[in-house]
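Please open the structure in a viewer and follow the selections below in order. The tour begins with a sheet and then turns to the architecture of a whole chain.

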Amino acid sequence: MKKLSSALMILLANLLFMTAMTAEVDAKEELKNEIRDDIEQIIDWKKASFGLHAEQPLLSSQFLNHAGDASGDWYPFAIGRIGYPDDYRAYLAVVEDQVSKRYRKAHQLDESKATEWHRIALAILAVGGDPTNVGSDKNGEPINLIADGTYARAPDKPLDFQGINGLTWGLITLDSLGFKIPDDAGLTRDEIIMDILKRQLPDGGFSLNGTRTDPDITGMVIQALAPYYNSEKTYEYQLSRTNEQVAKTVRQVIDEALQALSNIQEDNGTFKSFGFENAESIVQVIVALTELGIDPTEDERFIKNGNNLIDALKSFQMEDGGFIHSKRYDPENPSADPNKSNSMASEQALYAFVALYRFYEGARTLFDFRQEMDADLKEAIDAIKADIDALPSTINESHKAKVEQLFNRYKAIPVTERRYVFNYYKLADAMEQLNIENDSEYIADHMGEVDRGNGAVTPLFTDEFHRGPIIFTAEDAKKVENLPEDLTTEHYGEVVRLLDKLENAENRDEYEHLIDHLLNMKEKIGEIEQEIEALNKEIMDDLFPFEELSVEDRDKINGIIERYNRLSDYDQQKIVNYEDVERAKAEIDSKARKQIVATVLGILFVLFTIWFVVRRRKKRREKEMEFIDLED
Amino acid sequence: MRKDLLLVAVIVLIGVILFKGTKIQSVEEYYLTHIDDITRESETIKISIRVDAVLEHLDKIPESLRSEKYIPKDGIILEETEYVLRPGDTVFDVLLRATRHHKIPFDYQGSEENRFGSVYIKGINHLYEYDCGPLSGWMYTVNGEFPDEGVSKYKLEDGDVIAIQYTCDLGRDLGHPYDEKEVNP
């Protein structure tokens, strides 16, 4: 009886355990489904804001005209990282053309902002492109955004020219695919890491310039340093704030930064940046945690009053699917409407959800663009993680063999993949307690693996995602025909997209005749862009100050007006303050009229005066004659 | 005799018109050419552009900018100038008008190109953000306060005084009331 009952007990316990397990798995599945829905809602909102239906690709028409802008690169980045079905080729074609165009101009990208290069490079990787081989510069050479954006920058515009963001995003960009830094570049990963570490604040976090932890900046620093969390290298440096000399590993600094973030998290799970609770701060912390393999729904440090970061982020979502920046309403500035979804908050929320989805799928982290791991490696890592978790909380000599064996298994994992043994720190702690020498390689020495390479769209969102051969369809041909005779810059993205598709299509021969047509269109649009630029410059050079305009400027102004009138309505909007031209014209016209009227009046004045004098003389003579007559 | 008097009157009249000015304008022309004239009824604002903060950090800015042309010794790019406030004017509208009228190069990012939905000042008179270190750039105050909104979102009112200033330290060198409490209460 006793035996039976204990057997029953075990069976029951097992059953309970199994149900608990499945319940947990179900909960995770449910969470993933929710995240999927959120991702879809944000994309649909964004499409709607461009007048697109849910079935149309986001990366089309109007949206493509923003490729290469801060407003146009994070969406393709986010949706590419989850493989939402869209027109990635189109974005890649337009952004490459944009980058080429800007490189041919004097200013290239915004020279002082290294993050311009980083943002575009990451977006290109996410849609499957190669950021080291983008379009062509003015010498016809391919553009290397990785080099130009990190180690080959102009000497007077170094990576940290714009502050800590240049460093963190530069490191993220270099590590995205494990790009090598040439030996003669005068910059190493260790230097970048140390330059970031130096900026740590006394409270453990990081900020742009303040003396206390800013959640966004601290989150980004953790994202950048995450690949080095398991490195045993100790960095010796002087803190820039206090001049204190310290020696720390990246892990120590990240742990302090995480604690600092936990300390400033609000009771409702949100964060404040510059004094206000906002969506973007939560996003940066969520992404930081996923880069470290920390589940934000489980880590007690980031759950406040039962509110976790995902709950907190969702509290910023609107009915339309988009996100707001902040919930505060400022009566003095009704235009910052807290009830209206905002593009920046929404795109960041989108990539936080993508990071979470990747995390729960067991895919690489958001900023790790390397090919997904093969199943064997994944299995080996999962097994090590499980065994590390199974280590008892108090370690003694009897565990030495087990710990040594685990460490050997850890070292068998390639150096750059060791970051995915997320709980390695427990193993390292156990080794320290047992005085086992930790001779694992320093990770920074191994991060540079490739000189160039393509990213890839990660097909997580749908199974239907496949990259077949490119076919230029009859529908595409119709789209070409439907482009208006009078092109405007509005059609830029569409023309570049169609041209790229046709040039690379398997059935290119079928529509060969359209290639020249599209090339002409692209050239025409380029000419219009130049004309807009030239007009803006001439207006600025010739019009001001208005008081000095003279009648001689008339032809010039009329010329500008004529050229302006030749532009389409859409392009006319790109002429800055056209009102100034109208005003100049009015000034000149009234000056000219004044001259004419003055001349006419002057002539009249003279004529009347002559007539008057003549008349008087005549009268006098008549009088004299009369007088003579009388005398006679 | 009467005819003579009439004639003299006509001549005098023409003379007077000639002398006093001969502007004959349509309503639109009058509106355009006088839109910025300040009369007793006009609502006005004042705007100035200054780079005083840079004067103390001349060593930090690129050598190409270290000249009187870009950084005047008195720090004044545009001294306080009064402008007519047009209906709906934002700080950006007035800044654009002032820089154009004075031919001061002004480079900005359009509100559609960034994520803030507001125009962003990149450079004025060839001086750009980050030229004086990582915390440098253009800021503005209205009546001495630092608004939270971008320049093209801030609607102006009669009598407002705008100062467009370059900072080398995220506003602290301009007296930005930016204390720790506000950042993380």
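**The sheet in chain B**

This is a predicted model. Begin in chain B, where 3 strands make up an open sheet in the order β3-β4-β5, with antiparallel pairing. Next, select residues 106-109 and 127-128 of chain B: these are β3 and β5, the edge strands, each of which pairs on one side only.

**Chain A as a whole**

Orient the view along the principal axes: the C-alpha atoms fill a box of roughly 175 × 65 × 55 Å. The radius of gyration of chain A is 35 Å, whereas a compact globule of 632 residues would have one near 26 Å.

Colouring chain A by burial marks 39% of its 632 residues as buried. For contacts in chain A between residues at least 6 apart in sequence, 73% join residues at least 24 apart.

**The domains of chain A**

Colour chain A by its domain assignment, using these ranges:

- domain 1: 30-53 + 266-369
- domain 2: 57-181
- domain 3: 200-264
- domain 4: 375-446
- domain 5: 474-586

How far apart do the C-alpha centres of domain 3 and domain 5 of chain A lie? Select both domains of chain A and compare their centres: the separation is 50 Å.

Key: Residues numbered from 1 in each chain as written. Chains lettered and ligands numbered in written order. Predicted model: local features only at pLDDT ≥ 70, side-chain atom pairs only at ≥ 80, totals over all residues. Domains from an automatic or database assignment. Pairing = 2+ DSSP bridges. Helix = DSSP H or I, 4+ residues; strand = E, 2+ residues; numbered from the N terminus. Rg over C-alpha atoms; globule rule 2.2 N^0.38 Å. Buried ≥ 20, exposed ≤ 12 C-beta atoms within 10 Å, placed from the backbone. Contact = placed C-beta atoms within 7 Å.
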